[in-house]
Amino acid sequence: MTELKLMQLRHEINTWKRMLGFMQEENVHLKNRLSDVLKDKFNKNLLDEVEFFQTNFIKEDEVIGLLKSEVAAIDNILKWDLITHENKLVINKGIENVRNNIDAAERDFTKISIDFNKYLSENI
C-alpha cells in the first residue's frame, strides 16, 4: 500500500471518528431532551411514541458503538503498520463495509433526530 493511500485511509478514519463522536454527543442531547420533556407536564397518552424514540436512541448508541469498534480495528492495523497481503484484503473490505455502514447510520440518525424534533414541536 502506498504512503499516499495510507494517509488517505488515516484521514478517512479520523473523519469517521469525529463523525461518530458527534453522533454520540447528539444522541445524548436527544435523550436528555426527552428526559426534560417527560419531567414537565407531559401528556401521558403520548408515552408509546416517547418509548419509540427512547428505543431508537438506545439502538443508535449500539450502532455507534459497533461502528467505533469497526473503525478502531482498521485503525489498529494501520497504526501498527501491519500491512501484509492478508491485511490489505481485510482493510479494503473493512473500509468499504464501514463506509456503507456509516452512511446508513448517519442517514438513520438524521431521520430519527428530525422526526423526534418534529414530534416534540407538534405535541408539546
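Reply: A term for exposure comes first: a residue is buried if its relative accessible area is under 20%, exposed if over 50%, and partly exposed in between, with a 1.4 Å probe and only protein chains considered. The model is predicted, so local features need pLDDT of at least 70 and side-chain atom pairs count only at pLDDT 80 or more, while totals for chains, interfaces and linings use all residues. Residues are numbered from 1 along each chain as its sequence is written, and side-chain values use heavy atoms, with hydrogens and water left out.

The setting is as follows. The protein has three helices and zero strands, in the order α-α-α along the sequence. Helices (H or I, at least four residues) and strands (E, at least two) are DSSP runs, numbered from the N terminus. The C-alpha trace spans about 60 × 20 × 20 Å along its principal axes. The radius of gyration, taken over C-alpha atoms, is compared with a globule rule of 2.2 Å times the number of residues to the power 0.38. The protein has 19 Å, whereas a compact globule of 124 residues would have a value near 14 Å. Buried residues make up 31% of the 124 residues.

Now the part you asked about. A salt bridge is a side-chain nitrogen of Lys or Arg within 4 Å of a carboxyl oxygen of Asp or Glu. The structure holds six of them.

One of these salt bridges joins Glu-12 to Arg-99, with the closest N and O atoms 2.6 Å apart. Glu-12 lies in helix 1 (residues 3-39) and Arg-99 in helix 3 (residues 85-123), so this pair ties together parts that are 87 residues apart in sequence. Glu-12 is buried, at a relative accessible area of 13%, while Arg-99 is partly exposed at 34%. These two residues are also linked with Glu-96 in a network of salt bridges.

Another salt bridge is formed by the side chains of Asp-75 and Lys-17, at 2.6 Å from N to O. Asp-75 lies in helix 2 (residues 47-79) and Lys-17 in helix 1, so the pair ties together parts that are 58 residues apart in sequence. Asp-75 is buried, with a relative accessible area of 8%; Lys-17 is partly exposed, with 36%.

Lys-31 and Asp-61 form a salt bridge too, and their closest N and O atoms are 2.4 Å apart. Lys-31 belongs to helix 1 and Asp-61 to helix 2, so parts that are 30 residues apart in sequence are tied together by this pair. Lys-31 is partly exposed, with a relative accessible area of 21%. Asp-61 is also partly exposed, at 28%.

Lys and Arg count as positive and Asp and Glu as negative, with His and the chain ends not counted. The place of a charge is taken as NZ of Lys, CZ of Arg, CG of Asp or CD of Glu. The protein has 18 positive and 22 negative charges, and their mean positions are 2 Å apart.

Contacts give a wider view; a contact means heavy atoms within 4.5 Å. Of the contacts between residues at least 6 apart in sequence, 82% join residues at least 24 apart. Leu-46, in the loop between helix 1 and helix 2, is buried at 13% relative accessibility. Neighbours within four places in sequence aside, Leu-46 is in contact with Tyr-119 and Asn-123. Leu-46 and Gln-24 are 22 residues apart in sequence, and their C-alpha atoms are 26 Å apart in space.

Val-28, in helix 1, is partly exposed with a relative accessible area of 37%. Its C-alpha atom is separated by 8.4 Å from that of Phe-57, 29 residues away along the chain. Gly-94, in helix 3, is buried at 16%.
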